Amino acid sequence: SKMKSAALEQWSRASAADIAHLAGEREALMQVLKERYAKTYGEIEREVAEFEVRDLTAMYASRPSRGIGVD
């Protein structure tokens with residue numbers, strides 16, 4: 001999926017298998033990233049949150065307007 005490839009670009013030290021296996025398992029993914037990057041949990045949590053916001057924004061931007069919501 002697009003999100004998986006974006007995640008791999010963001011965290012190149014995580015394998016595709018890590019990301020595929022952990023899709024939807026945020027806590028487990030953060031533990032893997034924390035180990036791979038030797039960062040604090042807070043740093044990884046912030047990166048994951050920023051990634052999610054960016055990814056959702058891109059996903060909504062690529063969908064045609066339904067005439068509802070904030071557009």
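The mean pLDDT of the chain, where pLDDT is the predictor's confidence in each residue on a scale from 0 to 100, is 78, and 79% of the residues reach 70 or more. This is a predicted model, in which local features need pLDDT of at least 70 and side-chain atom pairs count only at pLDDT 80 or more, while totals for chains, interfaces and linings use all residues. Residues are numbered from 1 along each chain as its sequence is written, and side-chain values use heavy atoms, with hydrogens and water left out.

| Helix | Mean pLDDT |
|---|---|
| α2 (residues 16–22) | 70, lowest in the chain |
| α3 | 85, highest in the chain |

The axes of α3 (residues 26–37) and α4 (residues 41–62) come within 9 Å and cross at roughly 125°, where axes are lines fitted to C-alpha atoms over the stretch in contact and angles run from 0 to 180 degrees between N-to-C directions. That angle makes α3 oblique to α4, a term for angles that are not under 35 degrees (roughly parallel), over 145 (roughly antiparallel) or 65 to 115 (roughly perpendicular).

Contact means heavy atoms within 4.5 Å. Residues of α3, including Met30 and Leu33, meet residues of α4, among them Ile44 and Val48.

Arg13 lies in the loop between α1 (2–10) and α2. Apart from neighbours within four places in sequence, Arg13 is in contact with Arg36 and Tyr37, and its C-alpha atom is separated by 9.6 Å from that of Val32, 19 residues apart along the chain.

Notes. Helices (H or I, at least four residues) and strands (E, at least two) are DSSP runs, numbered from the N terminus.
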